[in-house]
Structures are given as C-alpha cells and as structure tokens.
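User: Please walk me through reading an interface and a fold from coordinates. Let us start with the interface.

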There are 2 protein chains.
Amino acid sequence: MAERRTTSLKDVAKEAGVSVTTVSRFLNGKLDLPDSTKKRIESSIARLKYEPNPHARRLSRGQTDTIGLVVPDIANPFFATLVAAVEEEADSRGLAVTLYATLNRADRELAYLSRIERNHVDGLVFVTNHPDNGDLAELINRTGKVVVVDEDVPLATVPKLFCDNENGGFLVGRHLAEFGHHRVLYIGGPEEMISTQRRYKGLERALQQTHGDRATIDRYIGAYTIEFGREAARRFIAENLPATAIFAASDEIAIGLIEVFRESGISIPADVSVIGFDDVGPLHLFGPPLTAIRQPVRKLGQRALFLLMDTDWQPDAPLASEELLPVEIVVRDSVAPPTKK
Amino acid sequence: MAERRTTSLKDVAKEAGVSVTTVSRFLNGKLDLPDSTKKRIESSIARLKYEPNPHARRLSRGQTDTIGLVVPDIANPFFATLVAAVEEEADSRGLAVTLYATLNRADRELAYLSRIERNHVDGLVFVTNHPDNGDLAELINRTGKVVVVDEDVPLATVPKLFCDNENGGFLVGRHLAEFGHHRVLYIGGPEEMISTQRRYKGLERALQQTHGDRATIDRYIGAYTIEFGREAARRFIAENLPATAIFAASDEIAIGLIEVFRESGISIPADVSVIGFDDVGPLHLFGPPLTAIRQPVRKLGQRALFLLMDTDWQPDAPLASEELLPVEIVVRDSVAPPTKK
C-alpha cells in the first residue's frame, strides 16, 4: 500500500493550508471543521490523488497476522491477567499473539523490539517496569506500531494507555481520611515510574483535602514485589509503627507486608489499617479480606489491542496520546479507625 | 548437520550387531557395556565415519536460538509461574522464549505446533489441559523436538514431565485419614486428564489403607477453574454437606469453593475440612490459611527446558519417557477432626 501512495498527508496539509494534525484528525473523524476548511482539505485530497485507504490507516494485516506482547514478569498475576485479556481480544479478531517476557531487563526488551523490525510480528503491545535511559524510547519510535501500556516510556511518541493511577491514590486517601487516618505510610514501586508518582500524588491530595497540614505521609519506595513488601513491613516494625494506615501500592507488596505482619503478631486492622492496589489476586479470601483499588486489567488488555489495530500508523500522523482507564475502590475489612495510642 | 551425516545410528547398530537403543544410550553415556561390545560399536562408528557430533546430539542451536512454550491459560498463576521458570532457565542459557497461550483450544494448539515446522522456533515445551482425539499426538510426533509437561498427551512419543500426582493425592488422603476423616469429597479437573485420575487414585489408596471399607469418596469432576469450584460448593451445599472433608484439586477450584462457603456461612475447618493442590497463590494468607499440596512449579519449568535442550533428538533415538517430580504437603489450618453429627 505504502509504495503505491506517492502523496503524503503532509502534501495535503500544505496544499490545504492547515496542519498535518488537522488533516489526520479530520480523516479519522475526530475533528469537526468549518465547512470551508473541510472543502479545502477535500479538494486538496482530490487534486493530489491522496488515498486515505482505510486499510492503510490501520495496522497492516496479512503479513504475519501475529502481534507481539512484551511484559516484564509473567509470574506476576497482574501481567498474567493482562496477557490473557490481550490474547482473548486478539483471538476474537483472528490474530495470534506472541508473548515475550523480559524479566524486566533492558537488554531483553531491546532484543524483542528488534523482532518487529525483522517482521516477525505486525505490531507490539509493550509493557515495561523500569526507567528508560532513552534507548528504549528511541527504538520504539523508530520501530513504530507500538502501544505503550501500564507504565510510561516518557520519550516514546506512540499511543499510551494507563490506568488512572492518580485517582486510585486519591480514592485510597479519601477512604483513609474518612476513617480518621492522617498519618499514612505509602509503600510504592520504583521512584521514576508514573504509577509510583501518580498514586502518591492522589493520596497526598486526598489527605490534605481533609486534614490539611495535619496530614503526614511517609514513603518507602522500592519495587512492586513480595520481597519489597516484606522489607517494608520489617522497617515499619523497626521504626515502631510510625503510621496508623498503610497504602501498599501493589498486590505483591501487600502480600509480603501481610506475611510479615502475621508472623510478628501485628493485626490488621486492629493495629494498622491496610489498603492494596491491583486487586488481581484473591484478596477477598484473605484474613481479613483486603480493601483495595481494582485495576481494570482486562479492559487494559482489550483496549491496548484496539489501539494497536485501529491507530493511524502513517508516518505523518500524530501518534503520541495518553488514555486513562478508570479504577474503583473495593471496600472490604482491612481498614478501621486509627488505634488510640 | 543432518545433511552432512550420511551414516545413521541404525547403520552403526546393524554393523555392530546391537540395537539402536543400545548405541544411542551408549553414546549418551547412559549405558555400561562389556568391553567387547564397546569396541564393536566404536569400530563400527569409525568404519562408517558416523559422527556423534555433540551439537547434533542436542537441540540444534543457532537457527533461531528461540524455543517455544505453549500453555493453556496464562491467567492461571500455575501456568504463569511455570512460564516464568522456563524463561529464567532459558535466559541463563542465552535462549529467547516465545510464549503461546492456547486458551486451551485444540485449533490454537495445532496452529502453534505448525510454527515449529516453519522454523520459527527450535523446539517446544508443550502444556495442554484437555483430552486429545489423536490429532495433537500425531502433530507432536511428526514435529519432534517437543517436551510434554504437566498433563499427558497419551499417544505422543516424546519426553514427558509431570509432577507426582498420585503421591500428591496419597499425601492428602493420609493427612485426612490421620484426622479421622473417612467420608471425603474429591473435586477434580477433567475426567480424562492424568492429574484428575492419579490424584484420585492416590487419595483412594491412602483412605482405604487407614479406613478400609469405611472409606467413602464422592467425586465432582469438571474443570480446574474458579467457576467450577463455585459450582461444586453450591452442589455440596445442596446435597447437605455429604462429606466431612474436601480435596480441591487445584488452587482455582479451592478459591471458588471458599468464596461460596464464605457467602453461605460455612466455616473451614469447623464445618468442613479443605485441602488444596498447587499452592501457587497466596493460600498462606487466607482465613484460615489453607493446607495444600505444593507442586514443584519452578522445577517443572527448569527441568522441561533441560529435557528439551539435552534430549537426543535423532530420529532413531527412543524418545518416549516419563519423569515425575516430587510434591510435598504444606500443613496449615484448614483441616480439623470431623464434626460430630
């Protein structure tokens, strides 16, 4: 298709005296324009014989009918569920999925990205879980046909899909504030990740909204792992329980935390309240059932595939976009009013 | 390699007057032979210029340096953990892994198997979860370079690796018998699967060993899913709790079961004892912590990769083998003596 089309979107934009973005969005039906502008674009298209072929405007199919899905750690139920959602959505469209697990290492990510250049897959849904020194973004931008999901690769100019991390943090903060907590411990993932930053930001906003200057938030920042959850619990105990409530920013962190609390005889919520984030594991069967923010994991997967298949991948089209999916709080029995001391 | 080697293992065996198996096992260092036989084989090898090239005797590397891993359902933490173990082991050997999730459907399995024929991967670790009508075995046998893991494909003549399901069932039965249970409900997966059959067989053997004819086992047979666990719980309640203890043959079944019991106010272990199987999810944090058989999931993954890479894949070599990895019981708080009625 690309070879037959000699006129680019740029040529049309120039001829019509509007920006490339305007033409692209107009063709995608995303922009309402004055009739005179519409006519100008349409006559430029006719004059230059530009073909906004509906197939060319989607991901080219038929080469491999396979898309690639890159995730950090398949043993983490969050990513495993995301993968299953992409699989199901792809299957319903008659596409195969090839999965690559990077073990969260940059060398493996770069290797897998290069596969798309060698045409083993038609496009990639890409999930990373560590900061980028710029190499990743460069390769993603060169490769094209990549949708970044869950965590950001800041310099990548491709469609991005995240859950609404900040509102998730806000819902945690509001729930804790309603129970009277103003000294809260935030246990987050890697410092540089938007999930860590935005969940904290939301938490802070909600607590300050209710408690103003009385709100105090401690931060233990590390990794979204069971091991880091254990570490954080040991530190919390060593520091003599410096908060009345804890926001554990992933299922894995919560699991490690609760493990150590059980071993140490610290009772939830009698001694300390806990809220989790993800709600992918069987938190409802825990003793006590854990209150948590539920991520729309299945929707993330479905929507990621939609973005990959229905994005206008023409080189001229503006690709950078950020879409947030809403989260919700699932209230169970792990939050109570602060214990008087 | 194969094209350059005109002499086959069969020729050597014929010339030396021994069986192909003998030559193959001798070359693999798995067989001690009388000196005279050794000499005969060695001189046949020399005369026929047969090259037992150490690379040719292993999985051919260098074509793609990628192996394929086929699993039914990546959202199931058991399979997700298995995948992670294969990934790690592959990574330590400098191999990439391509994962295919079949959604447990035969058409997808057959499609993925055909990829190895088209040289997209050097070999496959294959996990299925449904009965085979023979198509699967035929394709596996034709394809070669496939290791079957976790559940059997009965007619496939390739190396197979399972956990010791029967002993798992036995450990469950013995533990329940020790607590005095003789009326037990077995909630298993699909009827035709060896995991369902062998776990039941072990359970039966242990209960009969202690209780003889007093042992009564009911069977609800269905699927290794949360939904089937819920169904089984509802049936158990509708039938007025016809057993004092339940063996839930997977984490997923146990999760569905416990969910419905909680909603219905049935207390574990006061009203009924429960033992699970897999122990991949955070069963230790459940209320009460769940006693379960622990599968060696990580070892299954590591060993599967070893078998794929170190099997003698020559067409003449005998490939069918079955290896079992040991399981253990992890005792927590979900089993108590039967309630007197």
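Analyst: Start with polar contacts, pairs of N or O atoms within 3.5 Å; within protein, one must be able to donate a hydrogen and the other to accept it, and residues adjacent in sequence count only if both atoms are side-chain atoms. Across the interface of chain B and chain A, 17 residue pairs are in polar contact, both at pLDDT 80 or more. This is a predicted model: local features need pLDDT of at least 70, side-chain atom pairs count only at pLDDT 80 or more, and totals for chains, interfaces and linings use all residues. Residues are numbered from 1 along each chain as its sequence is written, chains are lettered from A and ligands numbered from 1 in the order in which they are written, and side-chain values use heavy atoms, with hydrogens and water left out.

User: Which elements give two or more residues to the side of chain B that touches chain A?

Analyst: Elements are DSSP runs numbered from the N terminus: helices (H or I, at least four residues) and strands (E, at least two). On chain B they are helix H4 (77-92), strand E2 (96-101), helix H5 (106-117) and helix H10 (251-263). H4(B) gives the largest share, 7 residues.

User: How is the size of an interface given?

Analyst: Often as the accessible area lost when the parts come together. Here the buried area (1.4 Å probe, summed over both parts) is about 2600 Å², with 59% of it on carbon and sulfur atoms. By contact (heavy atoms within 4.5 Å), 33 residues of chain B meet 33 residues of chain A.

User: How many salt bridges are there between the chains?

Analyst: The rule wants a side-chain nitrogen of Lys or Arg within 4 Å of a carboxyl oxygen of Asp or Glu. The count between chain B and chain A is 6. One pairs A:Asp91 with B:Arg108, at 2.6 Å, N to O.

User: Now one chain. What share of chain A is buried?

Analyst: Buried means under 20% relative accessible area, exposed over 50%, partly exposed in between (1.4 Å probe, protein chains only). Of the 341 residues of chain A, 55% are buried. The chain has 11 helices and 12 strands.

User: Why does A:Thr143 count as buried?

Analyst: Because its relative accessible area is 17%. A:Thr143 lies in helix H6 (residues 135-143) of chain A. A polar atom of its side chain is 2.6 Å from the backbone oxygen of A:Leu139.

User: Which residues of H11(A) are buried?

Analyst: They are A:Val297, A:Leu300, A:Gly301, A:Ala304, A:Leu305, A:Leu307, A:Leu308 and A:Met309. Their packing partners in chain A include helix H4 (77-92) and strand E1 (66-71).

Methods
Buried area = accessible area lost by both parts, 1.4 Å probe.
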